[in-house]
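Here's a quick tour for anyone meeting this structure for the first time. Have a look around, then read on.

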Amino acid sequence: INLDKMTRILLTLLVSTFWVVAQTDNEPELAVEGQDLIVNAGTGSIVMQYAGGKRTKMDDIMTQLQQLQQVNDDLRMQLQQTQNASQMQMNMLRQFMTCQAMGQGYDPAHPIKCKPILPQCKHTETLQYDAAAAKPYTCSSALSETIAALSSRLASAENATAKYANLLTRFSSCQQMGGAYNATSDQCEPFVPQCTRQGETLTFEKGSNLFICSSYLTDTIDRIKDDVNVLLGDQLPIGDKDTTPGRTCRDIKEKRARALSGTYWISQSPNGSAPYQVYCDMLTDGGGWTLVTVVKGYGANYDKKYPIAGMNEDRLLADRSDEWASLSQAKLNAIFDARNDSIMRVYASAFPNLGAGDRSRYPRQYYLKKTANKRGFDAFASLRYVPEWGSKSKSEYKLNYDRPGLVHPYSPATHDFPDSGKTMSHWEDHTVLIDGKKYTTSRHGIVGDAYSNCEWLYMFQVTEKATAINCLSSTDVYAKVWIK
């Protein structure tokens, strides 16, 4: 074989090939991937360079040249394979570009399909899909940011709790001395109620200029915790939306043991239609109480005392006492009739001008339950017309009450209370005219001086004013009616 001619053949083949992958079984290898043929310009010698840095000198090349003729056909075949592979890569590149133009990615495992490109999200992000967007899949930090914001609110609320706990300690010290702690003057001042129920803190109610027991702070902290749990669990609890109303506050509490005091959606319709919002007390007496009426101080207008269509219903969406308010007759009765053993709770407030003899009586609350002849009972009318409850001698209702120093009568476990044996008084019939229609009332509303004088919600004598349940002349007096 002519050496110069074979050298030229070898150089021509190697330069025209993209890469050479053929090799012989004998060492040294003729060629491997990444191997180049190099001419040393200084000496004119030809060497074979390997990826690992190994070199074969001229005498080794001479030996390999003897075998070139036998491998020429293999080289040509491999060149063709390389060109075919290059064409396949070009086709794949075109497919990639086609998919990319549609905002998607090419899947080699399914070459006829483009697939969405899923971005790599940070650990604080989640993959979010929007079909209408140019890039349907994006990374979003909305969830983690929301959780962080709620956690921050929770921390703030817990800090506030710590401050309240410190104040509560000082309040308690003053209470033991029969007074209350004034944070401004750092002095013990006149009587405040004893807060003994779980979750309550002493709160100053500006409207009535009184210290009251309130679960608002505890409820707020627990609600934030529930918000976080709901967000993480992607849940939609009963009562939170108008699309998932509960039947009553009691129904919501039974299905959501951790439900907290606040505004919820309810509906008494079989299919949950026509839902509306109410305020639920989910802490007092086991929770599940719906606020249906607020009576505020004196007021002679009968439309305030007999609001068939409801009055200031938006004021009932918070546990407040600054204005007369009532659910409509239809709503109030539907809530009471939702269960066969419903109980009505009437809360009578304390007031600024309490005398020493009254401090043991206020605040107080009454519990009423219809026990017989329930068909046709009108709970709305029963607040204003005592005979609606029936005859006490025939055991058609029972009554009990709670005040400072007494054993609490109501049991959340049994949803019942013992009868005190007391009877509500009805003096004489009176009538009110609302929108051209007459309604019969008692001279006084419930609870008809069941335990002492001046215990009624309304007065319907034309010559006298209406007042709240403690019937004392104070505009800061209020009463609330709850149903469970």
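Which side chain meets Arg 250 in a salt bridge? That would be Asp 341, with N to O at 2.9 Å. Before going further, a word on the model: it is predicted, so local features need pLDDT of at least 70 and side-chain atom pairs count only at pLDDT 80 or more, while totals for chains, interfaces and linings use all residues. Residues are numbered from 1 along each chain as its sequence is written, and side-chain values use heavy atoms, with hydrogens and water left out.

## Salt bridges

A salt bridge here is a side-chain nitrogen of Lys or Arg within 4 Å of a carboxyl oxygen of Asp or Glu. The structure holds 12 salt bridges. (Helices are DSSP runs of H or I with at least four residues, strands are E runs of at least two, and both are numbered from the N terminus.) Arg 250 counts as buried at 8% relative accessibility, whereas Asp 341 is partly exposed at 24%. Buried means under 20% relative accessible area, exposed means over 50%, and partly exposed is in between, using a 1.4 Å probe and protein chains only. Both residues also belong to a network of salt bridges with Glu 254 and Arg 339.

Asp 416 and Lys 369 form a salt bridge with their closest N and O atoms 3.5 Å apart. Asp 416 is in the loop between S18 and strand S19 (429-434) and Lys 369 is in strand S17, so parts 47 residues apart in sequence get tied together. Asp 419 forms a salt bridge with Lys 392, the closest N and O atoms being 3.4 Å apart.

## A covered strand

S17 (residues 364-370) is mostly covered, with 7 of its 7 residues buried. Arg 364, Tyr 366, Leu 368 and Lys 370 are buried on one side, and Gln 365, Tyr 367 and Lys 369 on the other.

What pairs with S17? Strand S16 (residues 343-348) runs antiparallel to S17 and is joined to it by 6 bridges, with Ile 343 opposite Lys 369. Strand S18 (residues 397-402) also pairs with S17 in the antiparallel sense, over 6 bridges, and there Leu 368 stands opposite Leu 399. For strands to count as paired, DSSP must find at least two bridges between them.

## The disulfide

How many disulfides does a search of the whole structure find? It finds 1, where a disulfide is a pair of cysteine sulfur atoms within 2.5 Å. Cys 249 and Cys 280 form it, with their sulfur atoms 1.9 Å apart. Cys 249 lies in helix H6 (residues 249-255) and Cys 280 in strand S13 (residues 276-281), so the pair ties together parts that are 31 residues apart in sequence. The torsion about the S-S bond is about -75°, so this disulfide is left-handed. Both cysteines are buried.

## A buried serine

Last stop: Ser 382, in helix H9 (residues 379-382). Ser 382 is buried, at 0% relative accessible area. Leaving aside residues up to four places away in sequence, Ser 382 touches Met 344, Phe 377, Glu 388, Trp 389 and Ile 446, contact meaning heavy atoms within 4.5 Å.
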